[in-house]
Amino acid sequence: MADTFSLQKVLEAFRSSMSENKEVYIKYYIAGWQELVSFMNSLGNVFSFISKDVVSKIQILENFISGENGSYYATIQSMVKYELENDLVDLIKRDSHPESGCRTLLRLHRALRWLELFLERLRTSSEDSKTSVMCSDAYNESLAQHHPWLIRKAVGVAFCVLPGRDTFFDVMNAGDHTQVVALLGESLPLIAEVYQITEDLYAKNNLLELP
Ligand code: 1PZ
């Protein structure tokens with residue numbers, strides 16, 4: 001999936017991530033993120049501090065998947081169960097398990113909410129809407145609550161140099177604007193469902209504030 005980004009690929013990855021009994025396969029979940037990283041990279045270097053963080057989190061999860069206990073990392077559900085039962089999660093402060101699968105995936109999970117909010121704004125936007133405003137409104141409603149001041153500042157700078165709406169639609173590589181809007185309409189319920197399943201699972205296990 002290293003070639004050019006397309007929104008379609010993101011959609012396919014998140015679609016494949018859901019099993020029949022509504023578990024979420026980590027392998028496809030991170031494949032979706034990998035696609036988003038190539039999208040961000042195509043927007044320019046200002047976003048590299050963001051994509052670097054995503055890449056390192058993808059790597060942590062990939063290492064678990066290919067490690068000796070990899071079978072427990074097939075789905076988010078199996079990971080949560082395995083790591084909790086074996087005391088592999090730092091619950092109060094980062095300590096002996098600073099990079100658990102649970103806390104790492106939680107960062108991506110929170111970012112998925114941002115993505116959902118942003119794409120919904122983009123989908124319903126009009127020609128004169130500003131991507132920077134859509135991005136930062138979505139950010140303030142979601143991820144910002146979990147970021148310290150310095151990161152919020154840096155993110156604010158990145159938003160200022162975002163390309164305009166037309167370029168955004170083009171980079172998504174999914175046909176003309178009407179087609180992109182249609183594909184977004186198709187993708188968003190899927191992304192929302194993956195988000196909600198993960199959110200419920202984390203809430204049930206008291207994992208939403210992992211350090
Ligand atoms: C296309 C426009 C991109 C806008 C992206 C908006 C989101 C900004 C996120 C800024 C992340 C800043 C860098 C690192 C932050 C980390 O400290 C945190 C917490 O991790 P920890 O330090 O606890 O290990 N990382 C995150 O919150 C994950 C951020 C993921 C951002 C994903 C952006 C998705 C872009 C998709 C492109 C359409």
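## Aspartate 176

With a relative accessibility of 44%, aspartate 176 counts as partly exposed, a label for values between buried (under 20% relative accessible area) and exposed (over 50%), computed with a 1.4 Å probe on protein chains only. Aspartate 176 sits in the loop that joins helix H8 (165-171) to H9, where helices are DSSP runs of H or I with at least four residues, numbered from the N terminus. Between the C-alpha atoms of aspartate 176 and serine 96, which are 80 residues apart along the chain, the separation is 50 Å.

## About the model

This is a predicted model, in which local features need pLDDT of at least 70 and side-chain atom pairs count only at pLDDT 80 or more, while totals for chains, interfaces and linings use all residues. Residues are numbered from 1 along each chain as its sequence is written, and side-chain values use heavy atoms, with hydrogens and water left out.

## Helix H3

Helix H3 (residues 48-66) has 19 residues and spans 26 Å from its first C-alpha to its last, close to the 27 Å expected, a figure found as 1.5 Å times one less than the number of residues. The buried residues in H3 are Ser51, Val54, Lys57, Ile58, Ile60 and Leu61, and their cover includes helix H2 (26-41), helix H4 (76-85) and helix H5 (101-123), judged by contact, meaning heavy atoms within 4.5 Å.

## H5 against H9

The axes of H5 and helix H9 (residues 177-204) come within 9 Å and cross at roughly 150 degrees, so H5 is roughly antiparallel to H9, the term for angles over 145 degrees.

Definitions and conventions: Helix = DSSP H or I, 4+ residues; strand = E, 2+ residues; numbered from the N terminus. Axes fitted to C-alpha atoms, helices over the stretch in contact; angles between N-to-C directions. Parallel < 35°, antiparallel > 145°, perpendicular 65-115°, else oblique.
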